[in-house]
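I opened this notebook to record what I looked up in the structure shown below. The entries follow the order of my reading.

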Amino acid sequence: MKEKRKIGLILILALLIILISNMPALAAEEILVDSGNTAFIIICSALVLLMTPGLAFFYGGMVRKKNVLSIMMQCIAVMALVSVQWVLLGYTLAFGPDLGSIIGNLNFLGLHGVSIFPSPDYANTIPHYVFVAFQLMFAIITAALISGAFAERMRFSAFVLFVLLWTTLVYDPVAHWVWGGGWLGQLGALDFAGGTVVHISSGVSGLVVALFIGKRLGKDRDVIVPHNLPFTVLGAALLWFGWFGFNAGSALAADGIAGLAFLVTNTCAAAGAISWVATEWIHHGKPTVFGAVSGAVAGLVAITPAAGFVSPLSAVVMGIMVGPICYLFVSRIKKYLGYDDSLDAFGIHGVGGTVGALATGIFASTAVNPAGADGLLFGGLELFGVQVLAVAATYVYAGLITLLLLKVISKVIPLRVSDAEEEVGLDASLHGEDAYAYEDMSVNDRLVGLQS
Amino acid sequence: MKKIEAIIRPIKLEELKAALNELEVRGMTVYNVMGRGLQKDIKQYYRGQEVSVDLFPKVKIEIVSPDDAVDKIVQRIQEVCRTGQIGDGKIFIYPVENIIRIRTREQGEKAL
C-alpha cells in the first residue's frame with residue numbers, strides 16, 4: 001500500500017516537472033503589460049470571487065435551517081472544484097485556440113503556454129494569468145448559481161459529479177461560443193459580462209435539474225419559508241458589491257467602458273429593486289425586504305449582458321422591466337407550472353438573463369460604445385435577431401446537455417437523498433453538522449431520527 | 001396548591017413580572033410558545049408566494065402557588081394582560097399534588 005502511494009507520488013511529481021519544464025521561454029516580442037489595467041482586473045477578480053460566498057448567504061438564508069449548511073457547502077465546493085478544473089482543463093476548452101467555432105483546443109491544457117505576459121488574443125494589456133483568473137471567477141459563480149434550483153434535496157456526491165461535468169460540458173463551450181472566438185461571438189452576439197453565458201446557462205440548467213429530480217418533500221403541504229432573511233440581505237449586498245467587478249471588470253481595462261458598466265450596473269440594480277417592490281406593494285399591500293433584494297439581483301442579472309453597451313437611462317428602463325417580469329415568474333408562473341425551483345435560480349437568473357440579453361438587442365447603442373452595435377431602439381435590426389438566436393441556442397444547449405448529464409449521473413449515483421435524509425435535513429444527514437447546534441435542543445432527536 | 005398557566009402576549013411579560021413581584025410572587029417558569037385560538041390567520045408573501053401564518057408567538061408563564069393566593073394572582077394577570085382585543089390569551093388552573101425541592105428534599109408548600 002505504502003509502496004503504491006510512493007510510486008503514485010513520484011509519478012505525479014514527474015508529471016508536474018514535465019509540465020513546468022515546458023513553460024514557454026520568454027517571448028522576444030513581449031507585449032507591454034499595463035499596470036493600471038492589471039491592478040484593476042486583479043481587484044475585479046477578487047470582487048467576482050466574493051460573489052460566490054455572497055451567494056452562499058443569499059441562498060443560505062432562503063432555505064430551512066436544517067439545510068443551510070448544505071447549500072453553503074455546495075457554493076464552497078464549487079469554488080474549490082471549478083478552480084482546479086479551470087487550471088487543468090476548463091480554461092483551454094473555453095479560451096484555447098478555436099476548434100470549429102464550437103470549443104477551444106487543448107493548447108492551454110494545465111495552463112501550458114500561459115504566462116505572466118499578455119495573450120495576443122485576449123485582453124492584451126494584462127498578463128494572461130490575470131485573464132485566466134478573472135474568467136475563472138465567472139465559471140465559479142455560474143456553477144454555484146444552479147444550486148438554488150435543487151436546494152434542500154440533492155445528494156452531495158451527485159452534486160460534485162454534476163458540477164464537474166456541467167462546467168466542462170456546458171459552461172466551457174458556451175463561454176467559448178461567446179467570448180472565446182466561437183460562433184455566437186462571430187455572429188456579433190453581444191454579451192458584455194455573461195447574460196447568456198452565466199445567467200441563462202445556469203438558470204435553464206437549474207430548471208432542468210429541478211424538473212428532473214422533482215419537488216421537495218411536502219412542497220405542497222408544508223409551510224416552507226426562508227429561515228434567515230438577514231442572511232439573504234447580506235448575501236445580496238455581497239452580490240451587488242461583487243457585481244461591480246463582474247461587469248466593470250468585463251471591460252478588461254480600467255477605462256471609460258468600465259466606468260459606464262459600473263454606473264449602469266448600479267442603476268439597473270436600483271431600478272430592479274424599485275420595480276419589484278412596487279409590483280408586490282400593489283399586488284399584496286406590503287413592500288418586503290425579500291422583494292427588494294430579489295429585485296436588485298434581477299436588475300443586476302438583466303444589466304449583465306448590456307453593461308458595456310447601454311446608457312444609464314436605458315439601464316433605468318431595463319430595471320423597471322425586469323422586476324415585474326421576474327416577480328410574475330416566481331410568484332405566479334412557477335406555481336402554475338408546478339415545478340419546484342427552490343430558490344428561483346431560473347426565475348431570477350434564467351428569466352432575468354433572458355430579459356437582459358433581449359434588452360441588449362433593443363437598447364445597445366454605438367453612441368455609447370462604438371465597439372458595440374445598435375439595438376432596435378437605435379435602428380439596428382440585425383443585433384436583436386442575433387440576441388434571440390444566442391438566447392435560444394443557450395436554452396437548447398444548456399437544457400439538453402444538463403438533461404443528458406442527469407440521466408448518466410443517475411445511473412451511477414441517486415441524485416436525491418432518501419426521504420428520511422431529506423426530512424432530517426441535509427446538514428445532519430449529508431454533512432454531519434448542525435448550523436445552530438446550541439440553539440436547537442432537538443439536535444439529538446434529529447440524529448436519533450437518522451438511525452431509524 | 002395550584003399551578004397557574006397563563007398564555008399571554010409576549011409584550012406583556014415584563015409588566016406582568018413586575019406586577020407579580022408586588023404580590024411577592026417570584027418563582028415562575030416562562031416559555032416561548034406558538035399557538036392559536038380566535039385570532040385570524042395572517043397572510044404573508046415570500047417572493048409573491050402566499051404563506052398563511054396561523055400560529056402566533058405567545059409567552060407561557062407557569063406559577064405554582066398556595067391555594068389562598070391563587071385568586072389574587074389570577075386577578076393580577078388579567079389586569080395586566082387584558083387589552084380587550086382578540087389574542088389576549090388564556091389562564092389555566094390545575095391542582096398540584098406535591099412539590100419537591102431537589103436541593104433540600106423539602107416537600108409541599110415549603111418547597112415553593
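**Chain B: helices and sheet**

I began with helix 2 (residues 70-81) of chain B, which lies across strand 1, strand 5 and strand 6 of chain B and runs at about 5 degrees to strand 1 of chain B. Here helices (H or I, at least four residues) and strands (E, at least two) are DSSP runs, numbered from the N terminus. Angles run from 0 to 180 degrees between N-to-C directions, and axes are lines fitted to C-alpha atoms, for helices over the stretch in contact. Contact itself means heavy atoms within 4.5 Å.

I noted that this is a predicted model, in which local features need pLDDT of at least 70 and side-chain atom pairs count only at pLDDT 80 or more, while totals for chains, interfaces and linings use all residues. Residues are numbered from 1 along each chain as its sequence is written, chains are lettered from A and ligands numbered from 1 in the order in which they are written, and side-chain values use heavy atoms, with hydrogens and water left out.

Helix 1 (residues 13-22) of chain B lies across strand 1, strand 2 and strand 5 of chain B, at about 15 degrees to strand 5 of chain B.

I then traced the open sheet of 4 strands in chain B, whose order is 2-5-1-6 with antiparallel pairing. Two strands pair if DSSP finds at least two bridges between them. Strand 2 (29-35) and strand 6 (90-95) of chain B are the edge strands, each pairing on one side only. Strand 1 (residues 2-8) and strand 5 (residues 56-65) of chain B pair in the antiparallel sense over 7 bridges. In strand 5 of chain B, S65(B) is the residue opposite K2(B).

**Where chain A meets chain B**

How many residues does each chain bring to the contact? I found 20 residues from chain A and 6 residues from chain B. About 1100 Å² is buried between chain A and chain B, and carbon and sulfur atoms give 58% of this area. Buried area is the accessible area (1.4 Å probe) that two parts lose on being put together, summed over both. V225(A), H284(A) and F290(A) supply 35% of the area that chain A buries against chain B, more than any other three residues.

I counted 1 salt bridge between chain A and chain B; the term denotes a side-chain nitrogen of Lys or Arg within 4 Å of a carboxyl oxygen of Asp or Glu. The side chains of D344(A) and R47(B) form a salt bridge (3.1 Å, N to O).
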